[in-house]
Amino acid sequence: MSTEQQVLDRIERARRRRPVVREERITLAHGSGGRATQTLVQAVFLDAFRNPLLEPLEDGATLRLGAGEEGVRVNLAFTTDSYVVSPLFFPGGDIGDLAVNGTVNDLAMCGARPRYLSAGFILEEGLPVEDLRRIAASMAAAAAAAEVEIVTGDTKVVQRGRADGCYITTTGVGIIERPVTLSSAAARPGDAVLVSGPIGAHGAAVMLARGDFDIEAAIVSDTAPLHGVVAGLLDALPGGRVRTLRDATRGGVATVLNEVAAASNVAVVLEEAAIPVRPEVTGVCELLGLDPLYVACEGRFVAVVDGDHATRALDALRAHPLGEQAAIIGTVAPEPAAMVLLRTAVGGTRVVEILVGDPLPRIC
Amino acid sequence: MSTEQQVLDRIERARRRRPVVREERITLAHGSGGRATQTLVQAVFLDAFRNPLLEPLEDGATLRLGAGEEGVRVNLAFTTDSYVVSPLFFPGGDIGDLAVNGTVNDLAMCGARPRYLSAGFILEEGLPVEDLRRIAASMAAAAAAAEVEIVTGDTKVVQRGRADGCYITTTGVGIIERPVTLSSAAARPGDAVLVSGPIGAHGAAVMLARGDFDIEAAIVSDTAPLHGVVAGLLDALPGGRVRTLRDATRGGVATVLNEVAAASNVAVVLEEAAIPVRPEVTGVCELLGLDPLYVACEGRFVAVVDGDHATRALDALRAHPLGEQAAIIGTVAPEPAAMVLLRTAVGGTRVVEILVGDPLPRIC
Amino acid sequence: MCLGIPGELVGPAGGHDDLALVEVSGVRRRVNIGLLEGQELNPGDWVLVHVGFALSKISEDEAQAVLAYLEGLGQPYEDEIDALRASDIT
Amino acid sequence: MCLGIPGELVGPAGGHDDLALVEVSGVRRRVNIGLLEGQELNPGDWVLVHVGFALSKISEDEAQAVLAYLEGLGQPYEDEIDALRASDIT
Amino acid sequence: MRFVDEYRDADRARALAAGIAARCRPGRTYAFMEVCGGHTHTIYKHGLEDHLPPEVSLVHGPGCPVCVIPMGRVDDATHIAGQPGVIMTSFGDLLRVPGGTGSFLGAKAAGADIRMVYSPLDALKIAKENPDRRVVFMAIGFETTAPSTAMTVLRAAAEGVPNFSVFCNHVMIIPAIKAILDSPDLRLDGFIGPGHVSAVIGCEPYAFIARDYRKPLVVAGFEPVDILTSVHMLLGQLAEGRCEVENQYARVVPWQGNPVALEAIGRVMRLRPHFEWRGLGFIAHSALAMAEEYAAFDAERVFDLPGIRVADPRSCQCGEVLKGVLKPWECKVFGTACTPETPIGTCMVSSEGACAAYYNFGRFTRDRTRGPAGEREVSRA
Amino acid sequence: MRFVDEYRDADRARALAAGIAARCRPGRTYAFMEVCGGHTHTIYKHGLEDHLPPEVSLVHGPGCPVCVIPMGRVDDATHIAGQPGVIMTSFGDLLRVPGGTGSFLGAKAAGADIRMVYSPLDALKIAKENPDRRVVFMAIGFETTAPSTAMTVLRAAAEGVPNFSVFCNHVMIIPAIKAILDSPDLRLDGFIGPGHVSAVIGCEPYAFIARDYRKPLVVAGFEPVDILTSVHMLLGQLAEGRCEVENQYARVVPWQGNPVALEAIGRVMRLRPHFEWRGLGFIAHSALAMAEEYAAFDAERVFDLPGIRVADPRSCQCGEVLKGVLKPWECKVFGTACTPETPIGTCMVSSEGACAAYYNFGRFTRDRTRGPAGEREVSRA
Ligand code: SF4
Ligand code: SF4
Ligand SMILES: [Mg+2]
Ligand SMILES: [Mg+2]
Ligand SMILES: [Mg+2]
Ligand SMILES: [Mg+2]
Ligand SMILES: [Mg+2]
Ligand SMILES: [Mg+2]
Ligand SMILES: [Mg+2]
Ligand SMILES: [Mg+2]
Ligand SMILES: [Mg+2]
Ligand SMILES: [Mg+2]
């Protein structure tokens, strides 16, 4: 083994070490959705709460409930997300439909039919009531579109300067009606990796909406409920042929696929040229020195499916309006385990790391 | 009818009018848990989200889920609360156990056995990681004590000055194993009203912990999980004899009982001398001009039970360590409907209104 | 606003000369006693506290006098007391 | 840091004289063109944008020259191109 | 609680009720004004009217400090609160007081830094902790509270706290009582005198009421038994044909008041030639301003104030309520448009305001034919 | 994207790869230093080494502006950021740069107001929007960036923005290259010249490299085809025995540079006698300070700075990496203790730092026997 190889192996061992939070204080990086978030969640929360349902750290937990003595079971998906996006309103959406769609999508990623949502509001003193009405109206519209009901909630108000207008935490309950075995740990060599549409629009739209960069572009958020397009995919590839579903939110496609590669102990090999990105999103990323692979989507997901049925999966995605521009973007290989590689457009190969640091604006 | 009577009737009609938010901006009063919160929730959220499960605005929603074709049902309680208490740590507890107990208690108030929690964290940049560890540890301890598991979660970080250290939103799922018909609308004339212990300790402890008032007193929060003492009560009075359970959090006993009186269209008549309040809590209230009836508890609930079984209910409560100082504090009368009256210690009778305005410190 | 609370002096408070510690039902607060300058104040004395200031020293004798006034009500008072003792109101 | 992005001048931007609007893949940003003082700039011209300033005007001719250089690689280039055209890599 | 519980005793209250009933002359009615909002609060909070026979009615007076602030002064305060770098401090009661341009609560929601304090000393502390901000204390209150403000200013001056000032709205009870006595449309049989004001000013200043207007006055404490005792004492004076100033609250009120407090007021403040009272109009020599010597601490001089008089809302009848001419429920908007949640008048804001006290506590205590579970009938028997 | 996509074309890259391989003399190896961190970034981000034959190796140079900032300067900046009323602004790359007393990210978490900007003009805008705050721009960068800082200071002076200042850390590439050429332990066959620096300074300043040190240099653009072309051109010079400064990036780089930019630097800044470079030590005349004339905008004069030299962590080998003496993975802490998440050295922070670029993008591109799905073997065939 060459010296360099030894170094690389040493790195891989370091990457698999028990995560430790080294910082004394929470920084924005801990909310990036990338490595620092993972570290914090694992070293603080998982460590304290450890139980078999939480442990996989999937988009949601799957609850298997017994119904009395009959031994009949109901399988539920249960997931929560807090939404702190700034600004509250942005092209293509607002914190309200984001809070509904985001949680609906996490349920969909568990293979569940989303049914019920709760909504906890933390409002900042001074928020215009009219803004809150708009947010509530767009939550209602998003809930109707996703066929879920908001059945319980809570409202708190904090002093001016203790929030940013409005934070919303939605929690979803969905019913898992199909016999799915979806898991980030289920990807196998030979599988195909698909994305349901062009990536990065949500994050780019929110960044521009903040106005900090003085950039104008016709980019609208991709926020949308994904349970419909997911249902089509699951119906087209029954019997465990869909291995993994992950919506590519904070941290983007790169981060989600790193999590899949690590959990499944496989390599994911992406084809740069195959990854759909809208030109305007590319433009914003070039201007700001960002990589679209790390920019959040709120209506796009990554699917790992049986490689033999990749085109059927693609057809199923494309049959739905929200999957019209779906693409096969890569494959799963046995090695190098726990890594994502990218064959670049220019013909090279490089590593795609999980998002590190870089506190981008709050995008969800 | 006397002129005065006409005025009073006019007022009652006004009180029942469709709520309207008159303010242009959210104020702290909208988070008080009292009248302004009710108005906001009804005029904005209920109006936008309206559905039969949300409509009663109980502590949680009851979900009746079918299990496949067999027609077997699982009844779940589903509830959410956001916790924004300041300071994060206070005598007797912290935001962590509060966030677990508060949601466990809302499930218990639905007659459910609490099972699963989600936790959404909104962290402020700069929060000491050590504080977060303490909070997570106390959540874990509270979850263990309440026999629930935290099975899914989310972590966001907002910029310094956009939160107050840490906000937590917990959502709970519980299983309703008994054939209960608990509802705020179920109180009937002749029923007895009980409280599970001395009131107001939590709110008083948090107010003092802020240090704004330069007051010292040996008051610790009453935060505790109530499902155990509730279970004892439900077992002692089966068959719908327990009409209503409400934990007396924001807005205190006065507000909760006003909600019950309004929903059930009955009068609740309280006996001031019978209401348990610790002397120190009385002292703080006197010094600050507060009424303990409006001060929050986080480990106390109000029960409305069949009047014929009031003492059995009292015995059941007192049999549990968290109900040792339970008391029968009043009765339900037919008239004046939708009102709470108090027979004062000095022998008079007065109205007890729902909490209005008065932005007390954030206590939950 | 004109809220005044009787509190027991339990001793001097740290810091300023004008500050004393007052206790109400086991609850302690520092109050300014500058308005009682010239009056003798000892632990165990009671004062009336208003917006953080001791406004007045409470006279135990006068306090008893109010209650004594009731005894002086004479017959109506006795009758009432008897009636009350006879009935048993929960 | 030394990130420079080619953008097309699409016209003057509001406000200051030194500001112009630049477009990159349909994305517009105001940039300061003060560093190109004395050079003729017209809509349709391309500039290199660095930290909000146009640092250089891009020469189309020179841009073509780089690509033309490849043609000059001669045989190895032709061979390679043929080989590539023959294989079909997904 | 000592000096509290013993004055809330039901047995004593019922005995007094019997004594009061016994002192009423058949066929005659009695109207006593409780001058002070604190008394109004006690009366309603404890349901004291249940202990009074129908012959005795209590009339609420002008002594609620929050209620008498005119809208223009609230607007001035809101204006100050909106100046750059200002921290406005006030007692919690003021938050919802409506001015012409909204309330503190609204201004706070719109961005002003307005903080509640328990004591003027807390405001001074905030000033010391925030040397780069200008901290203003919105001072309200009768003679009870003015000494605390004065002492705070003296301390600010002694310690040299340059960023602290007081927006002085202290008012005085005697001119207000005089205005009421001079109003033609009110028939009163006596006064329940303001106990805590008297702790400062003593009992002497009320002498003219007994002497010139021939009305008895009993300086009263704030517990239920205090008030019932005072009513009993007033009935006693009337029965015996006396007309005096008596002191029921001698445990707290020395006959001569508190000379230290009076001196502090005298040093720091001066009498205003006149001052507007909400609903009552301008009353001469009825309020205090900061003295010239303490101009540096006077928010009225530190800030440019709009100082615009704002007429009360047309529907507002607070003036009549403050004078005792109208019962709260006789105001046309009471309990419908004007509620504690959305007050139109000031009397609906403070818990010492007659309208708020009546709305929050009192609305079932008088003239209700149906009692809650028949209880009121019992307690009045 | 125009002027981008055509330089990322796989066909062109493969043709160049073939051309490069063809120009390598059997048995000989070639080491070229890409001076600029932007080039390092491109090389790894696009996996360009896959297109190079084993005979050609690229050596990463000192041209990463974030990497060369010494710890003491970071501490000075953090000190400024901690002064009352200060808003510190900087490019995002600087957030995680470790100083002796922590990073901006840590200082921000602890309460400092530190804001990312895209342009120094944004910092000036923040200053105008916050007249009561002191806004400091942490200026870093080579000659590419110095003109933007200079123009911003000229605008601040013209508009009279008194609360704006610049903490000037601009460095110059020529002295650094010279330091490397003078170091004994490095064998280089030529230089890939920094394209964007050259857009300002032109190509003439590199003449001494070809003339005195006999090393060819090709000023290169930042797209993959640019870099491969430059390597091809360097091999061409070597094959032909030439040793010249050539300009591959003529579409952007005029031979004489940008005279307006140079003039702006000349007006606003002056050469420092010496400046410390992280890992490289003090280099004479290698950096710019604000000129006397613009002292009012010079954070080094506006603020008292600790100015303490802080030794690099013992385990840090950034100096060797910046000089090209060590490959990133030869540093003992690389990828274990030092990662982009927890950088020990600066080279692990910026995406232009060799360690970060190698860690994030490169760790599977060289010397891996097993390729992903056998693909790398194919692409190199
Ligand atoms: S009801 Fe309102 S407006 Fe009418 S007198 Fe009372 S406070 Fe004034
Ligand atoms: S691995 Fe870290 S310490 Fe070592 S040279 Fe690279 S940046 Fe410096
Ligand atoms: Mg997800
Ligand atoms: Mg989730
Ligand atoms: Mg999610
Ligand atoms: Mg709630
Ligand atoms: Mg509840
Ligand atoms: Mg709840
Ligand atoms: Mg609750
Ligand atoms: Mg999440
Ligand atoms: Mg009054
Ligand atoms: Mg370098």
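Mentor: A residue counts as buried under 20% relative accessible area, as exposed over 50%, and as partly exposed in between, with a 1.4 Å probe and protein chains only. In this predicted model, local features need pLDDT of at least 70, side-chain atom pairs count only at pLDDT 80 or more, and totals for chains, interfaces and linings use all residues. Residues are numbered from 1 along each chain as its sequence is written, chains are lettered from A and ligands numbered from 1 in the order in which they are written, and side-chain values use heavy atoms, with hydrogens and water left out.

Trainee: Is B:Thr79 buried or exposed?

Mentor: B:Thr79 is buried, because its relative accessible area is 0%. B:Thr80 is likewise buried, at 1%.

Trainee: Which protein donors does the magnesium ion (ligand 8) have?

Mentor: Donors are N, O and S atoms within 2.8 Å of the metal (3.2 Å for Na, K and Ca); water is not among the atoms, so sites may look incomplete. For the magnesium ion (ligand 8) they are B:Thr79 (OG1), B:Thr80 (O) and B:Asp106 (OD), at 2.5 to 2.6 Å. Their spacing along the chain is T-T-x25-D. The magnesium ion (ligand 6) lies 3.7 Å from the magnesium ion (ligand 8).

Trainee: Which residues coordinate the magnesium ion (ligand 3)?

Mentor: In chain A, the magnesium ion (ligand 3) is held by A:Asp59 (OD), A:Asp106 (OD) and A:Asp247 (OD), at 2.1 to 2.3 Å. These donors follow the spacing D-x46-D-x140-D. A:Asp106 also coordinates the magnesium ion (ligand 4), and the two ions are 5.5 Å apart. Distant parts of the chain are linked here: A:Asp106 belongs to helix α3 (residues 95–109) of chain A and A:Asp247 to strand β10 (residues 242–247) of chain A, 141 residues apart. Helices (H or I, at least four residues) and strands (E, at least two) are DSSP runs, numbered from the N terminus. A:Asp106 is buried at 5% relative accessible area, and A:Asp247 is buried at 4%.

Trainee: How should I read a sheet, and what is the strand order in chain E?

Mentor: Strands of a sheet pair through backbone hydrogen bonds, either parallel or antiparallel. Two strands are taken as paired if DSSP finds at least two bridges between them. Chain E has an open sheet of five strands, ordered β2-β1-β7-β8-β9, with parallel pairing. Strands β2 (56–63) and β9 (245–247) of chain E stand at the edges; each has a single partner strand, so one side of each is left without a neighbour in the sheet. The twist averages 25° from one strand to the next, where axes are lines fitted to C-alpha atoms, for helices over the stretch in contact, and angles run from 0 to 180 degrees between N-to-C directions.

Trainee: Which helix packs on this sheet?

Mentor: Contact means heavy atoms within 4.5 Å. Helix α10 (residues 224–240) of chain E touches β1 (30–36), β2, β7, β8 and β9 of chain E, and its direction makes about 165° with that of β8(E). Strands β7 (residues 190–194) and β8 (residues 217–220) of chain E pair in the parallel sense over four bridges, with E:Pro194 opposite E:Ala220.

Trainee: How many residues of helix α8 (residues 279–288) of chain B are buried?

Mentor: Seven of the ten residues of α8(B) are buried, among them B:Val281, B:Val284 and B:Leu288. The buried residues pack against elements of chain B, α5 (201–209) and β9 (215–216), together with β1 (5–12), β2 (19–24) and β3 (27–32) of chain C.
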